[in-house]
Structure formats: C-alpha cells, structure tokens
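Student: Could you walk me through this one? I have a few quick questions.

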Amino acid sequence: MATTVTAVPPRGGPAGASEVVGRPDEHRRRMARLGWMFTSPALLFIGLVTLFPIGFSVLLSFENVNVTANGFSLNGLTTANYSLVLGNSTWHYALGFTVGYTVVTVLVEVILGTLMALVLERMVRGRGWMMALLLIPWSLVTVISAKLWAYIYDPTYGIADGLFHALGLGSPVILGSNASAIIALMVADVWKTTPFVAIIVLAGLVMLPGEIYEAAEVDGATGWTTFWKITFPLLRPVFGVLMTLSVIWDFRVFTQLFVLSGLANSDSFNLSLYGYSEAFGSLNAKYGLGSAIAMVLTVLVLIVTAAYTRMVVRQEGVA
Amino acid sequence: MRSRRLRRIALNTAGIVVFVVSAFPVFWMVSTAFKPNQEIFSSTPHPVPFHPTLRHFDFVLNGGIAGVSFWHYFVNSLVVAIATVVVSGLLALLAATAVARFRFRFRTTFLILLLVVQMVPCEALVIPMFIDLKKLDLLNSLVGLTVVYVGFALPFGTWMLRGFVAAVPRELEEAAALDGAGPIRTFFRVLLPLVAPGLVATSIFSFITAWNELIFAYTFLKDQGKATLPIMLQFFFGRSGNDWGPIMAASTLLTLPVIAFFLLVQRRMVSGLVAGAVKG
C-alpha cells in the first residue's frame, strides 16, 4: 500500500501528510534525498562555471585593482568603487536608460512572440518550415546579427535608407540622431529575441488539451476571451518564468549596443555598456570599478524580480 | 460577426508584418552572400543580386581561414553543441523535476540561486572564469568549453523546465500512481511525454547558445585547431572595413545546421497528450 503512494508527493501544506499512507517521515526523507540527488549534478556545473567566478567578481569589486600590462594586482580592500558608481551622473543616466529600454523591449518581445506562437499553433501544414525560418534570427551569432543590422542601417550601403526613400520618407541617418538610433537598437535586439519567446510559448500552447478549446467554442467564446480566460491562466507558470527571464536578459543586454552604438556615445549607455567601458574601455582600465558596476546591476535585477521570485518560491512547486 | 472578421484581418495583417520584418534581414543576409563585391558596396543596394556569384561561399568553404579548414571548425562547433544539449538537457530535467515535485530543504535556495546566477552580466565573469578553468587545466580544451556552456545553459533550462513541469497537473501523476505505476514509470509514461515540447524548446536554446557563442570560445581556446565557427567568423572583420561577402556567406552556412537540428527535434513539438499518455 505504502509503495504506490510514495510516487506521489503530497499536496502543499501540512494537510499533505494526511494523504500519505504509511510512514510520513520515511516518505519525507526519501523525497529530500531524491531532491538532493536530482539537483546536485546541475549544481556542480553551475557552481563551477558561475558561482566561483561571481564570488571572485564580488571580491574584485571591493578591491583596489591595479591593472598593468602583465595582469592585475589587488591592493587592499576599499568601498571606493561603490561610492564612485552610485554618485556618478553617467551611472544614473545609464540606469534610467536601462530601465526604459528593458520595459519597452520586454513588452514588445513577449507580445509579438505570443502572437507568433498563436499563429504558428494554428498552422497545420508548413509549420515546421515557418518555425525554422522564424528561428533564424535567434540562431545567428549575436555579433553577426548586430553587424548585419549595422550593415542594413549603414547610411551609404544600407538597404534601410533605400527603403525609406522608396516609401517617400526621406533619407534619415538612422544611427545619427539619438531617438532613431535607440529605436533602431531596439528593433535589432527584439528581432533576435522574439523567436525565442515564440518557441517557448508555442511549447506551452501545445501542451494544452484541445478539448478545452472545443468546449469554449461551443460556448461561443471569441479568440480574445479564450486567450485571457483559458490559455493565459493555464500557462501562467510558463509566462511567469518567461517574463522574469526576459527582464533579466534585456536589463543586461550588451552585444547589440556595443556593436551598433559603441563606447563613444554615452547617450546610449545601458548599465552593461557603462560597466564595460569603465573596466576595459579606456587606457585607464578599472577592473574593480567594472566589477562594482556589474554587482550593482545584479542587485538591481534581483530587486526587480524579487516580487515574482518570492511568489514562485513560496508556492509548492506550482506557480 | 463583423468584429470577428475585423479581428481576423487585423491578426493576419499583424502576422504578415511580423513575418516580413523577421524574414527580411535574413533574406538580405542570404542575398548579400551571393552578391559580388561591387554590388555589396554600391550606394544603391538592390534586393536581389544582378550577377549572383558563388565566390564568397567558395572562399569560406575552401579558403582555409587561419590555416584551418572550414570543416574542422564545423566539427568542433558541432561536437561542443551536441554535448551541451545532451548534458544540460539531462541535468536540467532532473533538477526541474526535483524542484517542481519534491520538497527538500535546499529547494528554495537552489531556485533563487538559479535565478540570481543569470542576473550577473557574463562579460564580468570572463576574467574570473579564466582563472577558474586554468586551475582545473580545462583551458584550451573543447571539454572545458562544453563545461562552460552547460553551466550557462543550466540555470535557464532548469527554470524553464520547472515552469513546464509545474504546468502539468498533479492529478495525472496521482492517477497513474493509483493505477499502480511506480515513480520511474510515472516519469517516463506520464511526465516526460507531456513535458516533451518544453524539453524541445530548451534543447534548441542550449544548441543555439553553444553554437553561436563567441566571447568565451575566443578567450579560452588558444589553438586554432580547436577553434569554433564563431571564432572563424571574426577573421572576416578587419580594421579597414568588413568583408561582407564572406561574412554573409559564412553566416548563411552557419544557420543551416541549426535549422537541421531544429527540424529534427521539432516533431516532438506536438501535444504530449496525443502521444497517448492519458486516456479520456
């Protein structure tokens, strides 16, 4: 009797114990053991590749780092890096830029990606090929895709200019003025990441049973209602994770900005670019400062996503 | 009735616009790959090459960039990418199932860890990771690079799969348990088919992450013989202007394996319920 039930974890809360026939302690211990077993391999890789380097980065941010041609040396603990960061007007500007950039790009990506997924889900024939085609932007090497857009936006050789001309919209130098440059950046960025959102949402959509939709249609529900009342609530875990991760990534996007805008124009600095320019961008390389900026960025993202994280973590594995 | 029609038209138009904007740069890339240099660098660009040429493809495939043949780079990239997909897929699935279904004290910490780890900009990690790998003697090795890529793909993969596993209603597993299925059987017959689309999505992500990653490959691999395709691409970017022809040709060639991988796994992107895990 007890053996069949050990396959099933009890529902959340202390009341769960009542569903367990047999020895609840043994069951709990077994679950804990399995939990550890299943997560330790992943933890090993993550610890090696990210945890130790992050720890070192934190250390760097508190040190006076002296960079020479042969390497760098640590000259004593200091909080000067942090005070330099937080008092800096460039940093404040970059912060505002990053927040605005993130809000816009995440919204566009998620909305467009979901639309794409909905359309793809309805396609029966040719879905594979269509998906493959839409996947290509995401699959390009990031630097290459950024350079491709640089080529498209190029004032002399670029096709974007030609298109604007053909549509009778004059001849703007896209990367010249700030407003159009920022929009151009966002287009290049969103272009690459929207297919990713679409794939994830599509995977979620495909998981849903068809009977629900048939029932809804019989009841006369329109597409809009169906989406908000049925699809979205069922896929809330998937959307939640997707939005959180999108925010995290767009907050620290680097390559597209680096390639299309560079270190010269501090009007298009987001926090990653600013950090990089301080660490490597001039002859006066400041590893400590760069690390401090990166750490502050991390904390900021943590704060922003804390609300969602706490909500997820509190519930018993069902978001 | 009319509003339904309008809505459909609006949705279709939006779909077409999105499709065109997504596809056009790709089309532009491919078309440039076939253009001779005069057309690439002309001030009046045209969508379709007037005198298509295979010169750039020939240069990429047979040119031997930095003394190493294209296929050598290709094999390096492929091996690393496939290894990353397999290892990270397996570990992420295990960890995700544990996090979504089991209760253990470390669970909360693990989840937060996974999330926080992604918040750190990876550019900041290059130097510390270099030191890390040097100590383990994994520098300048494809194995070391795979370890790095798996480490990067795991947090995202686990979080994503957790979302998918969490979306599978527990009643299904409980029903299977009541029918007498043990935990392993439940996993393979019930959970796995339902989560298969999620697994496909995360494996595509892992593949692409490994396939087109540049910074870490460039920093950690010293031998040209171990270099991956993105490193090869860097050779076409010069200080005095870029060789767009070979760049576009190489990029086009690079997307083909991704598409192939995708077409291979996407057949699993069908409703898990159709796979017959649950009746009724």
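Student: What should I know before reading residue names and values?

Tutor: This is a predicted model: local features need pLDDT of at least 70, side-chain atom pairs count only at pLDDT 80 or more, and totals for chains, interfaces and linings use all residues. Residues are numbered from 1 along each chain as its sequence is written, chains are lettered from A and ligands numbered from 1 in the order in which they are written, and side-chain values use heavy atoms, with hydrogens and water left out.

Student: How many helices and strands are there in chain A?

Tutor: Chain A has 14 helices and two strands. Helices (H or I, at least four residues) and strands (E, at least two) are DSSP runs, numbered from the N terminus.

Student: And chain B, what pattern does it follow along the sequence?

Tutor: Chain B has 12 helices and two strands. The order is α-α-α-α-α-α-α-α-α-α-α-β-β-α. Its C-alpha atoms fill a box of roughly 70 × 70 × 30 Å along the principal axes.

Student: What about accessible surface?

Tutor: Chain A exposes about 14800 Å², with 66% supplied by carbon and sulfur atoms. Chain B comes to about 12300 Å², of which 66% belongs to carbon and sulfur atoms. These areas come from the Shrake-Rupley method with a 1.4 Å probe; for residues, only the protein chains shown count as cover.

Student: What share of contacts joins residues at least 24 apart?

Tutor: Take contacts between residues at least 6 apart in sequence. In chain A, 59% of them join residues at least 24 apart. In chain B the figure is 70%. Contact means heavy atoms within 4.5 Å.

Student: Switching to patches. Which residues form the positive one?

Tutor: A:Arg122, B:Arg4, B:Arg7 and B:Arg8. Patch residues have over 30% relative accessible area and no salt bridge; like charges are joined within 9 Å, nonpolar side chains (Val, Leu, Ile, Met, Phe, Trp, Tyr) within 5 Å. A salt bridge is a side-chain nitrogen of Lys or Arg within 4 Å of a carboxyl oxygen of Asp or Glu. Lys and Arg count as positive and Asp and Glu as negative, while His and the chain ends are not counted. A charge is placed at NZ of Lys, CZ of Arg, CG of Asp or CD of Glu.

Student: Which helix gives the most to it?

Tutor: Helix H1 (residues 2-33) of chain B, with three residues. B:Arg8 is found in that helix. B:Arg8 is exposed, at 58% relative accessible area.

Student: Which residues make the nonpolar patch?

Tutor: A:Val99, A:Val103, A:Val104, A:Leu107, A:Val108 and A:Ile111, covering about 460 Å². A:Val104 lies in helix H4 (residues 89-122) of chain A. A:Val104 is partly exposed, at 37%.

Student: B:Thr53, buried or exposed?

Tutor: Buried, because its relative accessibility is 17%. B:Thr53 sits in the loop between helix H2 (37-40) and helix H3 (55-62) of chain B. Leaving aside neighbours within four places in sequence, B:Thr53 contacts B:Ala33, B:Phe34, B:Lys35 and B:Pro36.

Student: Last one. Where is B:Asp243?

Tutor: In the loop between strand S2 (241-242) and helix H12 (244-265) of chain B. B:Asp243 is partly exposed, at 30% relative accessibility. B:Asp243 and B:His56 are 187 residues apart in sequence but 9.6 Å apart in space, C-alpha to C-alpha.

Notes:
Buried means under 20% relative accessible area, exposed over 50%, partly exposed in between (1.4 Å probe, protein chains only).
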